Amino acid sequence: MEKNYLENNSLTLIGKITDDKTFSHEIYSEKFYTVNVSVPRLSGNADLIPVTISERLFKDSDLTIGRNIKVEGQFRSYNSYEKEKNRLILTVFAKSIEFIEDEIDNIESTQGIATNEVELIGYICKPPIYRQTPFGREIADILLAVNRIYGKSDYLPCIAWGRNAKFAENNLNVGDKAKITGRFQSREYIKKNGEVEEKKIAYEISLSGIEKIEEKVEVQD
């Protein structure tokens, strides 16, 4: 089991704050707030990413709509009990933040700095689900358990494409250790409940690379 948990789960985002902060939770008199950050893609679209930030990292006037922010942190998950149901909440947990005064209208304005980069090391906790789209594109859904301190783990959904999807199907089994790189993406979908349609947002890591890590077996004398 890894001891350096920061190396298991690292993330960098650069984007624009899109709404006012909302209260998230409080631990030992330390309050945490959530803001949505719009992070540009190369395609010209953007991902809308929830970021959880401690009150100790900002002043009240800092988190204003339209301000550019750089976040260093981790991709986290936790369970929320709502309406008699457990719901998995996914968020970026900020370890540090920096405000960028120059406008970020497109990806080039960051001068080569990665605007959305995630690296995870964890364990496969469900068999990868491989499928093909109607247009023949290969996809694999992966759920990765990433260790955290105090015996906790984050359960993080990932999606692989093309060769990475095929690799996941053929080489990854429950319990295998893997290193994943990619970006944190948001995806809108419509959930139907009878006659009612509700717009939802799903969050996941879109993979750019995946590597199976062979763990050394210690031999005792």
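Arg131 has Ile139, a residue of strand β9, as its bridge partner. This pairing belongs to a predicted model, in which local features need pLDDT of at least 70 and side-chain atom pairs count only at pLDDT 80 or more, while totals for chains, interfaces and linings use all residues. Residues are numbered from 1 along each chain as its sequence is written, and side-chain values use heavy atoms, with hydrogens and water left out.

**Strands β8 and β9**

- Strand β8 (residues 129-132) runs antiparallel to β9 and is joined to it by 4 bridges; two strands pair if DSSP finds at least two bridges between them.
- The hairpin of β8 and β9 has 5 residues between the strands, and Gly136 takes a positive phi near 85° there.
- Strand β9 spans residues 138-147 and includes Asn147.
- Asn147 counts as buried because its relative accessibility is 14%, where buried means under 20% relative accessible area, exposed over 50%, and partly exposed in between (1.4 Å probe, protein chains only).
- A polar contact of 3.4 Å links the side chains of Asn147 and Ser153; the term denotes a pair of N or O atoms within 3.5 Å, and within protein one must be able to donate a hydrogen and the other to accept it, with residues adjacent in sequence counting only if both atoms are side-chain atoms.

**Overall architecture**

- The protein contains 2 helices and 12 strands, which are DSSP runs numbered from the N terminus (helices H or I, at least four residues; strands E, at least two).
- Along the sequence the elements follow the pattern α-β-β-β-β-β-β-β-β-β-β-α-β-β.
- Of the 221 residues in the protein, 42% are buried.
- Among contacts (heavy atoms within 4.5 Å) with a separation of 6 or more, 60% involve residues 24 or more positions apart.
- The accessible surface is about 13,800 Å², and carbon and sulfur atoms account for 47% of that area, as computed by the Shrake-Rupley method with a 1.4 Å probe.

- Not counting residues up to four places away in sequence, Ile205 touches residues including Phe75, Val118, Pro157 and Phe184.
- Pro157 lies in strand β10 (residues 153-161).
- Not counting residues up to four places away in sequence, Pro157 touches Phe75, Leu90, Ile142, Leu143, Tyr203, Glu204 and Ile205.
- Pro157 and Leu90 are 67 residues apart in sequence, with a C-alpha to C-alpha distance of 9.2 Å.
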